Amino acid sequence: MASILGLGESDLTTQLADTNRDTNDLSFLPSFYNDKTQCELKSQVISRALRKKENTLLCALGKSKCGFVNNDLRQKSWNTILNNQLILYSSPKEVNNTPHCDEKQIELDVRRSFGYVKDEVERNCLKKALKQAIVTFFRKYPTLRYYQGYHDVISVLVVVFCLDPKRNKISRNISGQRRKILYKCVEIFSLAYLRDFLMDSLDFPIDQISVIPLLIQDKDPQLFQRLQLDKQKPLYAIASVLTIFSHDMRPDITGANSIIFQIFDLVLCTHSMYTPLVLYANIVLALRDRINKEYTANIGNFDNDVDLVHAVVQKVLMQSINDEAPQSRQLWETVLDRTRSDYSIDPKLEKKACKFINKTSPLRTTASGRPQLEINDGYSLDKLIKKGIVLNNKKKDKVPKDTDGQDWNYDRLIKTSLLVGAASLALGACHQHGSLLPDTMATSHLDLNRIASSVSLVSDSLKHIINSS
Amino acid sequence: MSKPVTSIKLVLLGEAAVGKSSIVLRFVSDDFSENKEPTIGAAFLTQRVNINDHTVKFEIWDTAGQERFASLAPMYYRNAQAALVVYDVTKPQSFIKARHWVKELHEQASKNIIIALVGNKVDIVDENEEERKVAREEAEKLAEEEGLLFFETSAKTGANINEVFMGIGEKIPLKGPEEEAQGSGLNVTDDQRVNLDSPGNADGPAGACSC
């Protein structure tokens, strides 16, 4: 098909691999190529990247226009990317049948899921898969806590992995093999990306949403002032952030390339939990005129500014970003396009964020925008989680005078595994940088950042070890 | 001439899945959804009702029921003039939780807050009395001791839902004509809004409004 149109998949790969090309820009394709043709061509390149195990290219494709195009390719791509993102060498307990303390809540929320799926058999099949995936995960990690909204996130993975690509419909019977892949992806995604939300306290996600004001201040100081983001945390963002927008938009079960799938593509391919925060900031910025208008119209309607801002932003967003909003798709396309080109976090901003983000947070470890982290075993991960709780409790007890460094007292195991992880990141970045293949997506500008940040991570870790021993 | 408008900030509290959002959906849109999705964080909605010659605008903060979101609740009940503490008449645990919320509100919220204790899902009990796990008398006793309004409701059938809000509206001191000035700006807002479903209930809700 591609060659008939005069451009073979390898040509397209080369074009995409052009170092100077914006990954989001497919404009080098002949203008008579419509979106459908572009997507068909892109599918072929994704298949090739999967076949050839070209992971850097795969990620570049996932974070460009249309993401992974369809759920068949998405299953394979997510599986590949997640398994490269966090390498778990062994698990703490392979099978644990002790019920988790949150299973009652899980049951309640699963029961209320997929209400939009008309076919009862399909609906029940999805619910069953969702419940099994969630319960399996929590029984394996009893220290983690379930939160309302986690079921929305996992629903997206369930829909993607339950799609029968041949029929383009939800499979009524998911094979054991596919189930295993799904559980593994749920495990890695939860551990690497959602860990903050699964902690014992809401402080962790609240710390995360505190990054949003920094992003808005950077781009629109006036809006920052208006929303009083110097004084109040944008708690109205909590549902969107906790669910990576899956509470606002339902995953489509007909195989369509829904926005929510493309958002997840972007998060996975940027390896970053900053991405949902950037998306949220960009949505607010895209809606600033409406927010300003509503704000002005409602001054005087509220007793206090906290309620005014919260109500105005939540209302404007609710009317704009969900499935039912008529302009939603177009708005999301614009915001996704913007985010695809500006997802990377300015080092200065990251430094500011690090002052209040827990050291064990995915934002500073497993989903910080760096491509890979190896965790030696589930035990060190468990220790990481417990350390996060201790650090958070200390922070709560303490006047926020000295937030940096002092309470960093990892035991040797954690220090070592972090060091090993950081060193492997540095090595990986150097290695990648030095051996770019001609048909591999070149990301030289990113590599330099990665080397710099990895080196600083290594030196930070060394400092901590020296200080605490 | 437009009627005087009084705004009431109202918060809903209660255990997960007792029907808080369903009560709001019934009140605001006169609608019901069998498997309503859980609320995460909090949802904000508004509704106006006419009480005598006054318009009361409810600013409703519908909170998440899961325990881990409870730490956000103070932000929503702070400055609230009214609260609905909701439990499920078929779930004894939810009534225990309701007691906790009443206690917390009395300790932490504004002194003059009007609290309504609401036992939801009476439709289940109406069909089969054996399903009732929280006796009406017990709830009435709590309401009397703590000075609460008390209603048993069904968001599913709509039974008693408007009465809860009307009851609250009647207990809140309404604005006199001299305080109208502040309320007049509302009309501008209302014209600009994108319409939510507006219920055609003549006696109760008077159409949703902006913020």
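**Exercise 1. Helices H4 and H13 of chain A**

Determine in which hand H4(A) passes H13(A) in this predicted model, and how the two helices are oriented.

Solution.
- Step 1: the crossing of H4(A) past H13(A) is left-handed.
- Step 2: H4(A) spans residues 71–85 and H13(A) spans residues 259–270; their axes come within 11 Å and cross at roughly 25 degrees.
- Step 3: angles under 35 degrees count as roughly parallel, so H4(A) and H13(A) are roughly parallel to each other.
- Step 4: on the H4(A) side the contact is made by A:Asn71, A:Arg74, A:Trp78, A:Ile81 and A:Leu82; the H13(A) side includes A:Phe261, A:Phe264 and A:Asp265.
- Step 5: sorted by class, this contact of H4(A) with H13(A) has 7 nonpolar, 2 polar and 2 charged residues.

**Exercise 2. Helices H7 and H13 of chain A**

Find how H7(A) is oriented to H13(A), and which residues make the contact.

Solution.
- Step 1: the axes of H7(A), residues 150–161, and H13(A) come within 11 Å and cross at roughly 100 degrees.
- Step 2: the range from 65 to 115 degrees counts as roughly perpendicular, and H7(A) and H13(A) are therefore roughly perpendicular to each other.
- Step 3: H7(A) contributes A:Val153, A:Val156, A:Leu157, A:Val159 and A:Val160, while H13(A) contributes A:Ile260, A:Phe261 and A:Phe264.
- Step 4: the classes in this contact of H7(A) with H13(A) are 8 nonpolar, no polar and no charged residues.

**Exercise 3. Helices H14 and H17 of chain A**

Describe the orientation, crossing and contact of H14(A) and H17(A).

Solution.
- Step 1: H14(A), residues 274–286, packs with H17(A), residues 328–342, at an angle of about 130 degrees, and their axes are 9 Å apart.
- Step 2: H14(A) and H17(A) are therefore oblique to each other.
- Step 3: the crossing of H14(A) past H17(A) is right-handed.
- Step 4: A:Val278, A:Leu279, A:Asn282, A:Ile283 and A:Ala286 of H14(A) meet residues of H17(A), among them A:Leu331, A:Trp332 and A:Arg338.
- Step 5: by class, the contact of H14(A) with H17(A) has 8 nonpolar, 2 polar and 2 charged residues.

**Exercise 4. Chain A against chain B**

State how much area chain A and chain B bury between them, and how many salt bridges are counted between them.

Solution.
- Step 1: the contact takes 43 residues from chain A and 37 residues from chain B.
- Step 2: the two chains bury about 3300 Å² between them, with 54% of it on carbon and sulfur atoms.
- Step 3: in chain A, the residues that lose the most area to chain B are A:Arg112, A:Gln148 and A:Leu202, together 20% of what that side buries.
- Step 4: the count between chain A and chain B is 2 salt bridges.
- Step 5: A:Arg250 forms a salt bridge with B:Glu37, and their closest N and O atoms are 3.5 Å apart.

How values were computed
Residues numbered from 1 in each chain as written. Chains lettered and ligands numbered in written order. Predicted model: local features only at pLDDT ≥ 70, side-chain atom pairs only at ≥ 80, totals over all residues. Heavy atoms only, no water. Axes fitted to C-alpha atoms, helices over the stretch in contact; angles between N-to-C directions. Helix = DSSP H or I, 4+ residues; strand = E, 2+ residues; numbered from the N terminus. Parallel < 35°, antiparallel > 145°, perpendicular 65-115°, else oblique. Left-handed = near helix turned anticlockwise from the far one by under 90°. Contact = heavy atoms within 4.5 Å. Nonpolar A, V, L, I, M, F, W, Y, C, P; charged D, E, K, R; others polar. Buried area = accessible area lost by both parts, 1.4 Å probe. Salt bridge = Lys/Arg side-chain N within 4 Å of Asp/Glu carboxyl O.
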